[in-house]
Amino acid sequence: MYNSSLLDEAYDLCEEGEYALALEYYDLVLYKEPNNFTALINKGVTLQNLGKNRKAIKCYDAALKLEDNNIDALVNKGSALHTLGKYHEAIDCYDKAMKVEPKYAVAMVYKGLSLGELGRLKEAIKCFNASLRIDKKYNIALDNKTLALELLKENTRLKPKLHKSGKK
């Protein structure tokens, strides 16, 4: 019960933007219960909010040692990896999450974002479309699908110009 109230307090602190203080609460919980799954995940999210993605990944890895197929840990780890520019590793996390829950719109969108960063726009659009089949009003999917389509159109327009200018 003690740890539960600490977790609640840490969550409330995060909601108020008091991330550093929230981390202290999560650390207290983890000191008493090193394998507290909720504390590990929430500490990871809090670290991400502070821009400490490498430390966040360590929390997600610890959580994944406890539950290797946990969707939250996989998607959050993927998000942290994406922020660090490790797009292939992020995609691996999203793929694992979608093996557990094939119709998980968030994992599909995030995979699309990582694919987009790699310049694989057609594959990214497929991910955004798959996500929109699950949640038609998912703004992240809608906005990024639009952006990816514009970039794809722009790339096809640029190629002939580049080709023509090379002949001169």
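This is a predicted model: local features need pLDDT of at least 70, side-chain atom pairs count only at pLDDT 80 or more; totals for chains, interfaces and linings use all residues.
- Is Lys 111 buried or exposed? Lys 111 is buried, because its relative accessible area is 18% and buried means under 20%.
- Leaving aside residues up to four places away in sequence, Lys 111 touches Ile 91, Tyr 94, Asp 95, Met 98 and Cys 127.

**Helix 3 and helix 4**
- Two packed helices are described by the angle between their axes and the distance between the axes.
- Here, helix 3 (residues 37-49) packs with helix 4 (residues 53-66) at an angle of about 160°, and their axes are 8 Å apart.
- Angles over 145 degrees count as roughly antiparallel, so helix 3 and helix 4 are roughly antiparallel to each other.
- The crossing of these two helices, helix 3 and helix 4, is left-handed.
- On the helix 3 side, the residues that meet helix 4 are Phe 37, Leu 40, Ile 41, Lys 43, Gly 44, Val 45, Leu 47 and Gln 48.
- Their partners in helix 4 are Asn 53, Lys 55, Ala 56, Cys 59, Tyr 60, Ala 62, Ala 63 and Leu 66.
- Sorted by type, the residues of this contact are 11 nonpolar, 3 polar and 2 charged.

**Confidence in the model**
- The average pLDDT of the chain is 88, and 91% of the residues score at least 70.

Conventions. Residues are numbered from 1 along each chain as its sequence is written. Side-chain values use heavy atoms; hydrogens and water are left out. pLDDT is the predictor's confidence in each residue, from 0 to 100. Axes are lines fitted to C-alpha atoms, for helices over the stretch in contact, and angles run from 0 to 180 degrees between N-to-C directions. Helices (H or I, at least four residues) and strands (E, at least two) are DSSP runs, numbered from the N terminus. Angles under 35 degrees count as roughly parallel, over 145 as roughly antiparallel, 65 to 115 as roughly perpendicular and the rest as oblique. A crossing is left-handed if the near helix is turned anticlockwise from the far one by less than a right angle, and right-handed if clockwise. Contact means heavy atoms within 4.5 Å. Ala, Val, Leu, Ile, Met, Phe, Trp, Tyr, Cys and Pro count as nonpolar, Asp, Glu, Lys and Arg as charged, and the others, Gly among them, as polar. Buried means under 20% relative accessible area, exposed over 50%, partly exposed in between (1.4 Å probe, protein chains only).
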